[in-house]
Amino acid sequence: VIVLSLHYAKLSRPEILRKFEACSSYARGKAVQVEGVLGVTMGLDVNGFLLVKTAAGLQTITAGGVRPA
């Protein structure tokens with residue numbers, strides 16, 4: 001665990017976010033509902049918040065339960 005933690009500590013923020021997106025089944029292309037908002041996940045922003053494309057446009061989700069739509 002320590003060796004793996006040290007490996008990730010050397011990565012830049014964009015590298016960490018890319019790795020997280022690659023491992024997440026919800027980060028990109030998933031139809032979701034978040035606190036009543038329906039849309040499709042479009043990845044993470046530069047701060048690691050979930051981006052969701054809705055009928056109203058692209059929304060940044062900073063908190064809330066993400067469920068399949």
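A surface patch, as I use the word here, is made of residues with over 30% relative accessible area and no salt bridge, and nonpolar side chains are joined into one within 5 Å. The model on the screen is a predicted one.

Which residues form a nonpolar patch on the surface here? They are Val40, Met42 and Leu58, and together they have about 250 Å² of accessible area. Take Leu58. Its relative accessible area is 57%, so Leu58 is exposed, the cut-off being over 50%. Leu58 is found in strand S4, which covers residues 57-61.

That brings us to the sheet. In general, strands of a sheet pair through backbone hydrogen bonds, either parallel or antiparallel. In this model, five strands make an open sheet in the order S4-S3-S2-S1-S5, and the pairing is antiparallel. S4 and strand S5 (66-68) are the edge strands, each pairing on one side only. From one strand to the next, the twist averages 45°.

Now the S5 side. Strand S1, residues 28-34, runs antiparallel to S5, and three bridges join the two. Val34 has Val66 as its bridge partner in S5.

Last, the loop between S1 and strand S2 (37-44), where Glu35 has its place. Most residues other than glycine have a negative phi. Glu35 is not a glycine, yet its phi is positive, at about 50°. Is Glu35 buried or exposed? Its relative accessibility is 61%, so Glu35 counts as exposed.

Definitions and conventions: Residues are numbered from 1 along each chain as its sequence is written. This is a predicted model: local features need pLDDT of at least 70, side-chain atom pairs count only at pLDDT 80 or more; totals for chains, interfaces and linings use all residues. Side-chain values use heavy atoms; hydrogens and water are left out. Patches are made of residues with over 30% relative accessible area and no salt bridge: like charges are joined within 9 Å, nonpolar side chains (Val, Leu, Ile, Met, Phe, Trp, Tyr) within 5 Å. Accessible areas come from the Shrake-Rupley method with a 1.4 Å probe; for residues, only the protein chains shown count as cover. A salt bridge is a side-chain nitrogen of Lys or Arg within 4 Å of a carboxyl oxygen of Asp or Glu. Helices (H or I, at least four residues) and strands (E, at least two) are DSSP runs, numbered from the N terminus. Buried means under 20% relative accessible area, exposed over 50%, partly exposed in between (1.4 Å probe, protein chains only). Two strands pair if DSSP finds at least two bridges between them. Axes are lines fitted to C-alpha atoms, for helices over the stretch in contact, and angles run from 0 to 180 degrees between N-to-C directions.
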